[in-house]
Amino acid sequence: MPVKVFSCLVQGMEGKLVEVEADIQRGMSAFVIVGLGDQSVQEAKERIRSAIRSSSVEYPVQKKIINLAPASLKKQGPSFDLPMAIGLLAASGQLAGAALAETLFVGELALNGELRPIPNALSIAIFAKSHQWKRLVIPSDNLQEASLVADLEIIGAKHLQELLAHLNGTHPIIGNSALEGDPPAAVGPERAVGYLAIQGQEEAKRALKIAAGGGHHLLLYGPPGVGKTMLAKSLPELLPELTNEELFQTIRIYSAARLPTAKLFSRARPFRQVHQSSSLISITGGGNPIEPGEISLANHGVLFLDEFPEFPRTVIESLRQPLEEREIYISRQGQQVSFPANFTLVAAMNPCPCGQKGNPEKACSCTPAQIRQYRQKLSGPILDRIDLTVCLPRKTVKLEGDFRSEDLEQIRTQIKIARERQARRFAGTAFCTNSELGSGHLKKYLKLDRRAEEYLEIISERTGLSARGYMQLLRTALTIADLKNQDGVSNLELAEAFQYKSSQLFD
């Protein structure tokens, strides 16, 4: 009689229930897996055979049939090894069917019966919790990640034999629920001192504070050697730690990309630096199965693109939708998934291809046409989506004395207070920071005094701001007011926000 074991398939970051039906029939020994499984699913036959024989139980020699339902859903990866093995043992009478009730099974089997870790453990645990499953059985290496989900019994097994002893009631495995949805505040590596080591460039450092305070995108514009990369890498130092919700989402993304998640428990925000040679898929995501790219791995953190105009035009333009919607949609072979892409973009560029334009000590070798072509690689729609543009002048710096005059903890506190103001402002909404506000929401949250309204009208008339640029200006001014811990926006905040408009450099 066929036996049902339940498992879970993750597409993108969303879980889908998979029924693993196992049947033992009379006939010559054969092992058939149906239900639209990929090559790794078909190769599970040999892993299951060897793992069962290594676990002191009998491998059925009759005809064995496994059906993965629904058959219309493509099954990928080795995560179905464990539920298929459990199904065969239950169908052959070596495992009580009652032990399988209200339980999801996922795991990859080694030939010796050990359980190897799988991707998407947290997404699977969230699916199990949201669909009222009582317990989840996973490899023990995934236990810390999955245990972030509270009120769900999670069994972490190291070996198939150990799990069988648990299911048969001879040697129970104690379920893990120690974290109960509240991740520990693990102590991460000591923060770098990049921000304090930056000498001069006060305008750029001020822009970093605004970017950190409201999640605004930033373009650093200047010749080589003025500190663009150092500034970009110091931005994570100013950002507050990941909240529980942000940590959950970030772990799910890294797990889907098959990257280690242990370091994320330090709550430090991700920093992803991408080289110009990176492919479009590596940046946006894709592949088979679909995995997140760099823009999703930088979610709730920083994405740094140095030498921004040197990236292929297709890569630069692919940032339009995620910069606007904070999400990326990927379609492959009739399958569409979405990944979060709520990152802070920090882009850096030279004033010209050789980088020496404006340098009094070294002549620029670029023609006006080359400079124009270089700058035109950044389209108007892309520049419109970048809230802050800062020109970094070349300065002579003396490497003497102690330049750590600023109190870094005070700056972090100021940014934290600004973020807390935004959290209270957007409570009950999908927004987290000012940079996410659209035109339909700014009027609700933004308060301008009379002088500020007059100043804004003058700016709009004289500069011909686009609708997106107009909203961008208001969002930046709102963050500046939050950094001052004030409720309304005055013409002073608007004037400072206007200084960071890209039109000041590219017109």
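Analyst: D151 is exposed, with a relative accessible area of 64%. Buried means under 20% relative accessible area, exposed over 50%, and partly exposed in between (1.4 Å probe, protein chains only). D151 is in the loop between α5 (143-146) and β9 (153-157). Helices (H or I, at least four residues) and strands (E, at least two) are DSSP runs, numbered from the N terminus. The phi of D151 is positive, about 60°, although D151 is not a glycine.

User: What kind of model is this, and how are residues numbered?

Analyst: This is a predicted model, in which local features need pLDDT of at least 70 and side-chain atom pairs count only at pLDDT 80 or more, while totals for chains, interfaces and linings use all residues. Residues are numbered from 1 along each chain as its sequence is written, and side-chain values use heavy atoms, with hydrogens and water left out.

User: Which residue other than glycine has a phi near 55°?

Analyst: That is E102, and the value is positive. E102 lies in the loop between α3 and β5 (103-105). E102 is partly exposed, with a relative accessible area of 46%.

User: How do I read helix α3, and how many of its residues are buried?

Analyst: In general, an α-helix has 3.6 residues a turn, so residues three or four places apart point the same way. In helix α3 (residues 81-91), eleven of the eleven residues are buried. Among them are D81, P83, M84, G87 and L89. After α3 comes G93, with a positive phi near 85°.

User: Which peptide bonds are cis?

Analyst: P70 is in the loop between β4 (63-69) and α3. Another cis bond joins N288 and P289, where omega is about 5°. P289 lies in the loop between β12 (285-286) and β13 (291-292).

User: How are aromatic pairs described, and how many are there?

Analyst: A pair of aromatic rings is described by the distance of the centres and the angle of the planes. Rings of Phe, Tyr and Trp (its six-membered ring) pair if their centres lie within 6.5 Å; planes under 30 degrees apart count as stacked, over 60 as edge-to-face and the rest as tilted. By this rule there are four aromatic pairs. One of them is tilted: F6 and W133, at 5.2 Å centre to centre and with 50° between the planes. F6 is in strand β1 (residues 3-11) and W133 in the loop between α4 (121-130) and β8 (135-139), so the pair links distant parts of the chain, 127 residues apart. F6 and W133 are both buried. The rings of F426 and F431 have centres 5.9 Å apart and planes at 70°, so this pair is edge-to-face. Both F426 and F431 are buried, and together with Y445 they form one aromatic cluster.

User: Which charged ends sit over a ring?

Analyst: A charge sits over a ring if NZ of Lys or CZ of Arg is within 6 Å of the ring centre and within 35 degrees of the ring normal. The charged end of R425 is over the ring of F426, 5.7 Å from its centre. The charged end of K205 is over the ring of Y195, 5.2 Å from its centre.

User: Which strands pair with β10?

Analyst: Two strands pair if DSSP finds at least two bridges between them. Strand β10 (residues 218-221) is joined by four bridges to β17 (residues 344-349), and the two run parallel. L219 stands opposite A347 in β17. β10 also pairs with β18 (residues 388-391) in the parallel sense, over four bridges. Here Y221 stands opposite C391. L218 and L220 point one way from β10, L219 and Y221 the other way, and all are buried.

User: Where is H159, and what does H159 touch?

Analyst: H159 is in the loop between β9 and α6 (160-167). H159 is buried, with a relative accessible area of 19%. Contact means heavy atoms within 4.5 Å. Not counting residues up to four places away in sequence, H159 touches S54, S55, N112, G113, E114 and L115. The side chain of H159 reaches the backbone nitrogen of Q161 at 2.9 Å.

Definitions and conventions:
A polar contact is a pair of N or O atoms within 3.5 Å; within protein, one must be able to donate a hydrogen and the other to accept it, and residues adjacent in sequence count only if both atoms are side-chain atoms.
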